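The following paragraphs lead from the overall properties of a single chain to the surroundings of one of its residues. Please keep the sequence and the coordinates in view while reading.

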Amino acid sequence: MSFSAEDHLYMAQALRLAESGRCLTTPNPAVGCVLVRQGRVIGQGHTQPVGGPHAEVMAMRDAVEQGEDIRGATAYVTLEPCSHHGRTPPCANGLIEAGIARVVAAMVDPHPLVAGRGLAMLREAGIVVEAGLLAGEARESLVGFLSRIERGRPWFRLKIAASLDGRTALANGESQWITGPAARADVQRLRARSCAMLTGSGTVLKDDPLLTVRDLDIGRQPLRVVLDSRAQMPVTAKMLAAPGRTLVVVAKAQAAHIAALEGAGAEVIALPDAQGRVDLAGLLAELGRRGINELTAEAGARLNGACLHSGLVDEVVLYQAPVLLGNAASGMADFSLGSLADKLAPRVAEVRQVGADTRYCLRFDGKS
């Protein structure tokens with residue numbers, strides 16, 4: 001299938017629109033739509049928060065508000081229009097009723113309630129339908145949603161801030177601030193796109209973090225998930241009083257500990273593995289069932305090591321500061337290897353400068 005330069009231009013614009021709605025739509029995918037008629041953009045929009053209109057509806061509303069005639073237009077959309085009744089009516093029906101002449105979709109929606117049905121509905125109505133334009137870019141844009149639908153679990157990311165010599169905190173626990181203000185602002189954007197944040201009870205005891213999104217108004221807070229294998233999560237933790245919800249995951253805990261956490265506002269679930277620790281794979285599956293698309297961990301070396309050793313991590317976002325902290329400082333991840341052949345070898349997906357620090361996006365083989 002051949003697409004024109006104009007097709008690429010308008011789909012790229014739709015992808016930018018999708019990005020602008022990324023932090024708002026979870027668990028729905030962040031989708032962008034651009035309407036073009038006679039070589040002019042007549043409407044554009046992105047998916048709204050859950051229960052609100054999808055990208056196609058927003059683009060059509062935009063066109064109508066500007067007094068534009070939608071009939072005969074081309075719709076560029078970053079994901080196949082939905083074909084089923086959910087919280088909103090099917091977008092495919094809306095495009096048909098509006099008289100759209102052509103629909104260009106970046107990719108087919110793998111959701112079992114859609115999975116090509118939306119495109120089929122459009123074709124049956126006589127609309128010209130083409131798919132696959134900038135599909136790779138669309139998959140990247142939708143990486144969390146696609147992970148949940150295709151694998152049943154969220155896209156799992158570790159965020160680490162470290163020195164040049166791979167250290168994350170001094171021996172006395174001091175870690176604020178290794179990286180600079182630009183990197184810390186970038187971390188807030190990373191939290192904002194995340195549906196949930198993960199840490200361990202050890203980090204809560206040591207740092208008492210909030211794990212909230214600050215300085216960005218996204219209308220929600222990510223779910224906070226605390227692994228509490230040793231039943232030591234304090235009921236006085238600041239995050240329990242912060243906006244949003246906290247889920248504490250235990251392997252085994254006395255009823256009094258669970259009751260105290262629930263009394264402080266947490267939800268508590270037990271997910272033990274055969275070794276008496278929290279079952280990480282089981283946790284990811286549980287979060288997938290709860291509609292979590294992207295999970296970001298900000299934790300200490302012990303939990304980072306366990307996550308990496310599990311083989312479940314999809315991505316590491318490493319902020320490396322141009323400083324040296326020495327041998328006594330804490331490392332990035334605690335795990336050991338039997339031989340060099342067992343080394344973890346993610347590929348470098350992106351490197352960019354963030355203020356004085358360097359930001360690496362590292363992805364593991366076989367991942368998107």
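For the charge count, Lys and Arg are taken as positive and Asp and Glu as negative, while His and the chain ends are not counted; each charge is placed at NZ of Lys, CZ of Arg, CG of Asp or CD of Glu. On this basis the chain carries 39 positive and 38 negative charges, whose mean positions lie 3 Å apart.

The model is a predicted one, in which local features need pLDDT of at least 70 and side-chain atom pairs count only at pLDDT 80 or more, whereas totals for chains, interfaces and linings use all residues. Numbering starts from 1 along each chain as its sequence is written, and side-chain values use heavy atoms, with hydrogens and water left out.

The chain has 11 helices and 16 strands, which are DSSP runs (helices H or I, at least four residues; strands E, at least two) numbered from the N terminus. Its radius of gyration, taken over C-alpha atoms, is 23 Å, close to the 21 Å from the globule rule (2.2 Å times the number of residues to the power 0.38) for 368 residues, so the chain is as compact as a globular protein of that length. The C-alpha trace spans about 65 × 45 × 40 Å along its principal axes.

Of the 368 residues, 52% are buried, meaning under 20% relative accessible area with a 1.4 Å probe, protein chains only. T212 is among the buried residues because its relative accessibility is 6%. T212 is located in the loop between α8 (201-207) and β9 (223-228). Beyond its neighbours within four places in sequence, T212 has contacts (heavy atoms within 4.5 Å) with Q188, R191, Q221, R224, A242 and P243.

How values were computed
Buried < 20%, exposed > 50% of the residue type's maximum accessible area, 1.4 Å probe, protein only.
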